[in-house]
Amino acid sequence: MAQQEIKKGWLSRYSFIFWIVVIGFIYYWSITSLSFSGLQESAGTVSKSIINGILHPQWNYFYDGSGEDLFTQILETLAIAFLGIFISSILSLPFAFWSARTDRKHKFHWRSTSGKLVLVFIRAFPEIVLAIMFIKAVGPGSFAGVLALGIHSIGQLGKLFSESIETMDTGANEALQSAGGNKFDVLFLATIPNIIPSLISYTLYQFEIAVRSASILGMVGAGGIGTPLLFAIQTRDWSKVGIILLGIIVMVTLIDLISGTLRKKLS
């Protein structure tokens, strides 16, 4: 018995060596599998042009009243993210209740398991893939971006909402049931008021992610700041790239600060 305990203690103490070897092998295999053909002759010149353009942004592009300036494109990007999250926050609620495992007596339940599988299926499609699909269906523009973000975020918010339902305090539900309340009373008077702070917090967190995603979707024609960024890169207008990147950094930073402050107040 003592020898077995000593053996288990030795294994648990030095098991990290095994994982170091495994991780090292994975890194070695990944690096050796890459095919590096070297740098192009113009790499140095292009790199200097990129750095010089980013350090000297085109300030007059910030706002010129044309409707295609940086300020307008940033507002469009925020609108795409907001509408996408607004749609998904509503549509994800039924999926959240579907996939939430409220019966803790059994590890497997067909209802919650099927709901979780549906959410995994929705999350499997990246926003860019969905954007390309919706562009083929509704045409290029902001509407395709809103649909792509809205559908993808259903999978993300549905998972987070279902976890909030699973971990909530059920005391109010049980009290309302003991007082003679029906299922609708329990849902609207106990469950939803109990999880609303968590739902709002998760929605704000997902909005932060959606703003970043909306900045990229324009590169495939789904509206937002990504479209002029792609055109500026293609034409090698690095000063314009610099001001656009600066605008994206400021926008994302402000959204993160505001969202983080609101989530702290809700927690």
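A crossing of two helices is right-handed if the near helix is turned clockwise from the far one by less than a right angle. In this predicted model, helix H2 passes helix H10 in such a right-handed crossing. H2 spans residues 43-55, and H10 spans residues 238-266. The two helices pack at an angle of about 50°. Their axes lie 7 Å apart. Angles between 35 and 65 degrees count as oblique, so H2 is oblique to H10.

The contact of H2 with H10 involves residues from both helices. H2 contributes Ser49, Ile50, Gly53 and Ile54. These meet Trp238, Ser239, Gly242 and Leu245 of H10. Four residues of this contact are nonpolar and four are polar. None is charged.

H10 also packs with helix H3. The axes of H3 and H10 come within 11 Å. They cross at roughly 40°, which makes H3 oblique to H10. This crossing, too, is right-handed. On the H3 side, the contact is formed by Leu70, Ile74, Thr77 and Leu78. On the H10 side, the partners are Ile243, Ile244, Gly247, Met251 and Ile255. Seven residues of the contact of H3 with H10 are nonpolar, two are polar and no residue is charged.

The overall fold is helical. The protein chain has 10 helices and zero strands. Along the sequence, the pattern reads α-α-α-α-α-α-α-α-α-α. The chain holds 267 residues, and 31% of them are buried. Contacts between residues at least 6 apart in sequence were also examined. Of these, 72% join residues at least 24 apart.

The largest nonpolar core has 30 residues. Leu70, Val211 and Ile244 touch the most other members. H10 gives the most, with eight residues. Two of the core residues named above, Leu70 and Ile244, also take part in the contact of H3 with H10.

A second, separate core has eight residues. Its members include Ala96, Ala100, Ile165 and Ile195.

Definitions and conventions
Residues numbered from 1 in each chain as written. Predicted model: local features only at pLDDT ≥ 70, side-chain atom pairs only at ≥ 80, totals over all residues. Heavy atoms only, no water. Axes fitted to C-alpha atoms, helices over the stretch in contact; angles between N-to-C directions. Helix = DSSP H or I, 4+ residues; strand = E, 2+ residues; numbered from the N terminus. Parallel < 35°, antiparallel > 145°, perpendicular 65-115°, else oblique. Contact = heavy atoms within 4.5 Å. Nonpolar A, V, L, I, M, F, W, Y, C, P; charged D, E, K, R; others polar. Core = buried A, V, L, I, M, F, W, Y, C linked by side-chain atoms within 4.5 Å. Buried < 20%, exposed > 50% of the residue type's maximum accessible area, 1.4 Å probe, protein only.
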